[in-house]
Amino acid sequence: MPKLRLFAVPALAAIGALAFASFRAPDPAWTRMLRTPSVSADHIAFAYAQNIWVVDRKGGAARRFTSFQGATENPKISPDGKLVAFSAEYGGNIDVYVAPIEGGEPRRLTWHNSPDAVQGWTPDGSRVLFASTRDTDGPNAQAKFFTVPVTGGPEERLPFSRAYQGKISADGRRAAYRMNGSWDEERRNYRGGQNRPIWIVDLKTLDLESPPGWKDSKQMDPAWLGDVGYYIDDRDGVANVWSYDTKSKKVAQATDFADYDVKALDAGAGAVVFEQGGYIHELDVKSGREHIVPITANGDFPWMMPQ
């Protein structure tokens, strides 16, 4: 027993040191309140202070991608990493715009008076996916999915009646989506009729499936990496990242935060990015490890100036 104790103490110390070394405490200089990230092999785009910003994948000083007095939101980087689609109200209405990742004049793609919320791209990068309450089938306006050519042209509606939030899979055969929103998206531990599971629809047959085990939690913001769907679920009281492997039919918890909810999620280039605690995190799906991306976003923010 004495020999076992002598071995165990240094072993535990080594494990603790390794865990400590892999943990990096947030720097007070890093900017918080970063929202709705999107990721490519080289960049992360996100919303902050009513504008969109772009930063290197590893982090650092972000550059302002838009500079508009109104809102620009929901940035989504194209599959080839060359373009950013986003929603903006340049013309007084929330419409779909696209611009090069390096920046430049945005090109307007939609003109309808209903708000158009960008969701992502088709796998070939030729069309932008967005949700809109146009073409309502019932007495109340409900969001549906549409796509619009990145070069401009008429929109096309996807063949299901309601869709509020989601993405098309990389093979183009399926869409993972959230059918409806809720009256208070920030309400914690809501358990009621506005909650729905993530739905995965076959775009040809319209067959539906959902991650097994759902009871009454709020599942949100699905995204794809291969055959695995990643989404936000608050089944344990705090919203975390979960995954559903459509081949093995297995559900797994990918993060285990106990303080702040995960608020927004996207996936691409082998990683999942999400907002939590005001920071943008990146999850390496192979190792299962996540880390805060160190980002600073500096600008001439009038509300921060002395009055």
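## Close-up views of a predicted model

View 1. Strands are DSSP runs of E with at least two residues, numbered from the N terminus. This is a predicted model, in which local features need pLDDT of at least 70 and side-chain atom pairs count only at pLDDT 80 or more, while totals for chains, interfaces and linings use all residues. Residues are numbered from 1 along each chain as its sequence is written, and side-chain values use heavy atoms, with hydrogens and water left out. Look along β23 and you will find A271, V273 and E275 pointing one way, with V272, F274 and Q276 pointing the other way, and all of them buried.

View 2. On one side, β22 and β23 pair in the antiparallel sense over six bridges; two strands are taken to pair if DSSP finds at least two bridges between them. The bridge partner of A264 in β23 is E275. Two residues lie between the strands of this hairpin, where A269 takes a positive phi near 50°. Six bridges also join β23 to strand β24 (residues 279-284), again running antiparallel, and here E275 stands opposite I280. The β23 and β24 hairpin has two residues between its strands, and G277 in the turn has a positive phi of about 65°.

**View 3. D261 and R188 come together from two loops.** D261 lies in the loop between β21 (250-253) and β22 (262-268), whereas R188 is found in the loop between β15 (174-178) and β16 (199-202). Although 73 residues apart along the chain, their C-alpha atoms are separated by 8.5 Å. D261 is buried, with a relative accessible area of 13%, while R188 counts as partly exposed at 41%. A polar contact of 3.1 Å joins their side chains; such a contact is a pair of N or O atoms within 3.5 Å, where within protein one must be able to donate a hydrogen and the other to accept it, and residues adjacent in sequence count only if both atoms are side-chain atoms. The side chain of R188 also reaches the backbone oxygen of D259 at 2.6 Å. For D261, a polar side-chain atom lies 2.9 Å from the backbone nitrogen of A239. Leaving aside neighbours within four places in sequence, the contacts of D261 (heavy atoms within 4.5 Å) include E275, Q276 and G277.

View 4. Three bridges join β1 to strand β2 (residues 43-48), and V39 has I44 in β2 as its bridge partner.

How values were computed
Helix = DSSP H or I, 4+ residues; strand = E, 2+ residues; numbered from the N terminus. Buried < 20%, exposed > 50% of the residue type's maximum accessible area, 1.4 Å probe, protein only.
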